[in-house]
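Visitor: I'd like to learn how to read a protein model. Could you walk me through one, feature by feature?

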Amino acid sequence: MSQPTPTPDGAAPLTLLDAARALREGSVTSVQLTRAALARADALDERLGVYLERFDAEALASARRADAERADGVDRGPLHGIPVGVKDILAAAEGATTAQSLVHDPAWGSGKDATVVARLRAAGAVIAGKTTTMEFAIGAPDPAKPFPVPHNPWDVERWPGGSSSGTGAGVAAGLFLAGVGTDTGGSIRVPAAFCGVTGLMPTFGRVPNSGCVPLGFSLDHIGPLARTARDCGAFLEAIAGPAAEDPSSRDEPVGRFDAGAAGGSLEGVRVGVERANHFPGDGDPAVAERFEAAVEALGALGATVAEVELPHHAETLTAMMITSMCEAMAYHRDDLRARWEEFTPGTRGMIASGALFSGADYVQAQRVRRVAQRALGALMTGVDVIATPTAGKVAPTCEEVFAGGAMSVYERVHTTYWNAVGNPAMVVPMGFNADGMPLGLQLAARPFEEALLVRVGDAYQGVTDWHLRVPPIAADLATVNA
Amino acid sequence: MPDRDQTTLVDLQLAAAGLDPGPVERAALHAMHAAFAPGIDALYALPAARYEVPALVFDPRTPAPEW
């Protein structure tokens, strides 16, 4: 997989690092990459609903700057000149942040960059636009609201997952090479799994949350979605590190997150496999089949594999739900009181449930999170990575999501445990079900060991090509390169 | 099916928060509370949590300027 990987239409490299290499070699320019990305959006976005707002003029100006800098010998790193999407709960100076909500104050963050967006800009990334989500990153999309409804590139009748919906769909369909998502209960990892791309939720505190509309203050993680594990590692390197304006951010060393990825061998890596809580009776049979194949592949790469069971699993999921709903309720209570009807029903119903827990319940949930952290820490002295499926089923149809709301989706995903404990977790594509819909393998590591996740994900992607599959809707696109 | 006491409790909690959802959404919240109640009790019943410190840290230093 070391050779540049063109898209089927030959318009541009498929992965961020291939594009970065092509830019350095001079075989493509940032303006060409950006024009190709914008042309893809012209052709596809009416059906995909990736963008809430595009910044075409600003993006092309940024691309021209990147090309000029490169001509002057300036190299800002692998993101220099790369078009990226930004989930629209993060502020960007080009336009208002909507949080896909009629309630959100349009003046919030006006003219400012979230810390992450500022870091992307400093790394030379081209901010292509703001991508779709669910209102305030929770609930379910609402076709009655004046915002695009995101669709899955693998089947436009299906949902791409949420809440980083547009970012996941956009990477899968090639509207940009990578993008920013946020993850409070699975919102990076679920779209990654449902759209067949790679998503990395960093350790809590690894990436500052300043300039991001909060959902769960103690659960929110900002991180990348991209085609490959290495792409995610390069992206994370640009956005990681403490910031004074976010007191929850951690002063941990930021190195090369792909430093250990050379060679592909997983000799010495101990993988714990969690089957106990992750195979519901009504799950898609392809999930178990593809998961077992993925575990076998990790073993064949040299990893030792052992059975594990996540400690205090049920209690930790409850603690996470109480925490997220109480924290969201604190942020939104006054707007819910005054503007209930303007909220999306799925969003207001979920947040309002935060009123049903007591203050003591919230504190007890934080005690249980500590208990889970301690027990998990003990478990992870014996294993380095824990592997699970990301979800029990593939992406639901949009109609299912509209009708069933968020709970119908949360019941099928296995992501929330890791938000409660704060560990990093990565999703890599692991195959397809009988309907041709993507499935994701979830890998979790000890806190601040994202580099190990990149190493394991990269090794797996060295012997599989699921992550390089392109949905037919994008593969049929005509060449649009400038 | 939530019992009458639970229903009353939920209605009081919603009123205390100043929320007045319509009947369908109110019923959904009643059902959600009924579904969560055993789980909440289980958090208090967890022996390992009896003397645990919550994952809350207060820092007395003046915070840095907001974003």
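Visitor: Which residues of H11(A) are buried?

Guide: First, the word: a residue is buried if 20 or more other C-beta atoms lie within 10 Å of its own, exposed if 12 or fewer, and partly exposed in between, with C-beta atoms placed from the backbone. In H11(A), the buried ones are Tyr362(A), Gln364(A), Ala365(A), Arg367(A), Val368(A), Arg369(A), Val371(A), Ala372(A), Gln373(A) and Leu376(A). As for the labels, helices (H or I, at least four residues) and strands (E, at least two) are DSSP runs, numbered from the N terminus. Keep in mind that this is a predicted model, where local features need pLDDT of at least 70, side-chain atom pairs count only at pLDDT 80 or more, and totals for chains, interfaces and linings use all residues. Residues are numbered from 1 along each chain as its sequence is written, while chains are lettered from A and ligands numbered from 1 in the order in which they are written.

Visitor: What covers the buried residues of H11(A)?

Guide: Here we look at contacts: two residues are in contact if their C-beta atoms, placed from the backbone, lie within 7 Å. The cover includes H9 and helix H14 (416-421) of chain A, together with helix H2 (23-45) of chain B.

Visitor: How does the span of H11(A) agree with 1.5 Å a residue?

Guide: The expected span of a helix is 1.5 Å times one less than its number of residues. H11(A) has 21 residues and should span 30 Å, which agrees with its end C-alpha atoms being 30 Å apart.

Visitor: How many residues of chain A are in contact with chain B?

Guide: 30 residues of chain A are in contact with 31 residues of chain B. On chain A's side, helix H9 (313-339), helix H10 (345-352) and helix H11 (359-379) each supply at least two residues, and H11(A) gives the most, with ten. To sort residues by class, Ala, Val, Leu, Ile, Met, Phe, Trp, Tyr, Cys and Pro count as nonpolar, Asp, Glu, Lys and Arg as charged, and the others, Gly among them, as polar. By that scheme, the side of chain A that touches chain B has 13 nonpolar, nine polar and eight charged residues.

Visitor: On to the strands. In what order do the eleven strands of chain A form their sheet?

Guide: Two strands pair if DSSP finds at least two bridges between them. The order is E1-E3-E2-E4-E6-E5-E10-E11-E9-E7-E8 (chain A), an open sheet with mixed pairing. Strand E1 (51-54) and strand E8 (304-308) of chain A stand at the edges with a single partner strand each, so one side of each has no neighbour in the sheet.

Visitor: Are the residues of E4(A) buried or exposed?

Guide: A handy rule: in a regular strand the side chains alternate between the two faces of the sheet. Both faces of E4(A) are covered, with Ala178(A), Val180(A) and Thr182(A) buried on one side and Gly179(A), Gly181(A) and Asp183(A) buried on the other. Six of the six residues of E4(A) are buried, so this strand is largely enclosed by the rest of the structure.

Visitor: Which peptide bond is cis, and which residues have a positive phi without being a glycine?

Guide: Most residues other than glycine have a negative phi, and most peptide bonds are trans. Here, a cis peptide bond joins Gly162(A) and Ser163(A), with omega about 10°. Gln100(A) has a positive phi of about 50°, and this residue is buried, with 32 other C-beta atoms within 10 Å. Ala137(A) has a positive phi of about 65° and lies in the loop between E3 and H5 of chain A.

Visitor: What is the mean pLDDT of chain A?

Guide: pLDDT is the predictor's confidence in each residue, from 0 to 100. The mean for chain A is 94, and 95% of its residues reach 70 or more. Over residues 477-482 of chain A, though, the pLDDT is below 50. For the complex, the predictor gives an ipTM of 0.95 and a pTM of 0.96.
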